[in-house]
Amino acid sequence: MKLHELRPAVGGGTKAKKRLGRGTATGQGKTSGRGQKGQGARSGGGVRPGFEGGQMPLMRRLPKIGFDNTRFEKKYSVINIDRLNDFEDGTVVDAQLLKDRKVIKKIEKDGLKVLGNGEFNKKITIKASKFTKSAIEKIEAAGGKAEVI
């Protein structure tokens, strides 16, 4: 189904629009429901949602309270497994070595997380805080070791 194939429901899926400014019999003549004068009566007039005529709006008067998870959220330095193909077989790779070789910019507070994106074919030992399942499978299939620290 495409947007141009949509049709209203059978039995009145559409509603006739108000015909404004068509005499007094409809109740929508003369000012057409806009009142007498003022910003709302002008074409293009009106105020944005929450505007209170210059008074400090309610949403700005209320204090900002509530739970914020940013203090408790886990922060990991993330690396894909294909970036580890640059190391020689038998190397022990950890976050500090990756930082020294400028593979990652900084070691985040919760350590290193290894993701399983890409190909991997080295027999190396990787020490990290977290591994994805696919990363562990690829490391072990290549003959390496994944150590959680």
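Visitor: Which residue in S6 is the bridge partner of Lys 127?
Guide: The partner of Lys 127 is Glu 147. The model is predicted: local features need pLDDT of at least 70, side-chain atom pairs count only at pLDDT 80 or more, and totals for chains, interfaces and linings use all residues. Residues are numbered from 1 along each chain as its sequence is written, and side-chain values use heavy atoms, with hydrogens and water left out.

Visitor: What makes S4 and S6 partners?
Guide: Two strands pair if DSSP finds at least two bridges between them. Four bridges join S4 to S6 (residues 145–148), and the two run parallel. The pairing therefore meets the rule. S4 (residues 125–128) also pairs with S2 (residues 92–93), in the parallel sense, over two bridges. There, Val 93 has Ile 126 as its bridge partner.

Visitor: What counts as a strand or a helix here?
Guide: Both are DSSP runs, numbered from the N terminus: helices are H or I with at least four residues, strands are E with at least two. The protein chain has three helices and six strands. Along the sequence they follow the pattern α-β-β-α-β-β-β-α-β.

Visitor: Why is the protein chain called more spread out than a compact globule?
Guide: Its radius of gyration is 32 Å, well over the 15 Å that the globule rule gives for 149 residues, so the chain is more spread out than a compact globule. The radius is taken over C-alpha atoms, and the rule is 2.2 Å times the number of residues to the power 0.38. The C-alpha trace spans about 90 × 45 × 25 Å along its principal axes.

Visitor: What is the order of the strands in the open sheet?
Guide: The order is S1-S3-S5, with parallel pairing. S1 (77–80) and S5 (130–131) are at the edges, each with a single partner strand, so one side of each has no neighbour in the sheet. Four bridges join S1 to S3; Ser 77 has Leu 112 as its bridge partner. S3 (residues 112–115) pairs with S5 over two bridges. Lys 113 has Lys 130 as its bridge partner, and Val 114 stands opposite Phe 131.

Visitor: Which residues of S3 are on its covered face?
Guide: Leu 112 and Val 114 are. The uncovered face holds Lys 113 and Leu 115.

Visitor: What makes a set of residues a nonpolar core?
Guide: Its members are buried Ala, Val, Leu, Ile, Met, Phe, Trp, Tyr and Cys residues, joined through side-chain atoms within 4.5 Å. The largest core has 20 residues, and Leu 84, Leu 98, Leu 112, Val 114, Phe 120 and Ile 126 touch the most other members. H2 (95–100) gives the most, with three residues.

Visitor: Why is the pair of Phe 67 and Phe 72 called stacked?
Guide: Rings of Phe, Tyr and Trp (its six-membered ring) pair if their centres lie within 6.5 Å; planes under 30 degrees apart count as stacked, over 60 as edge-to-face and the rest as tilted. Here the centres are 6.0 Å apart and the planes are at 5°, so the pair is stacked.

Visitor: Why does Phe 67 count as exposed?
Guide: Buried means under 20% relative accessible area, exposed over 50%, partly exposed in between (1.4 Å probe, protein chains only). Phe 67 is at 66%, so it counts as exposed.
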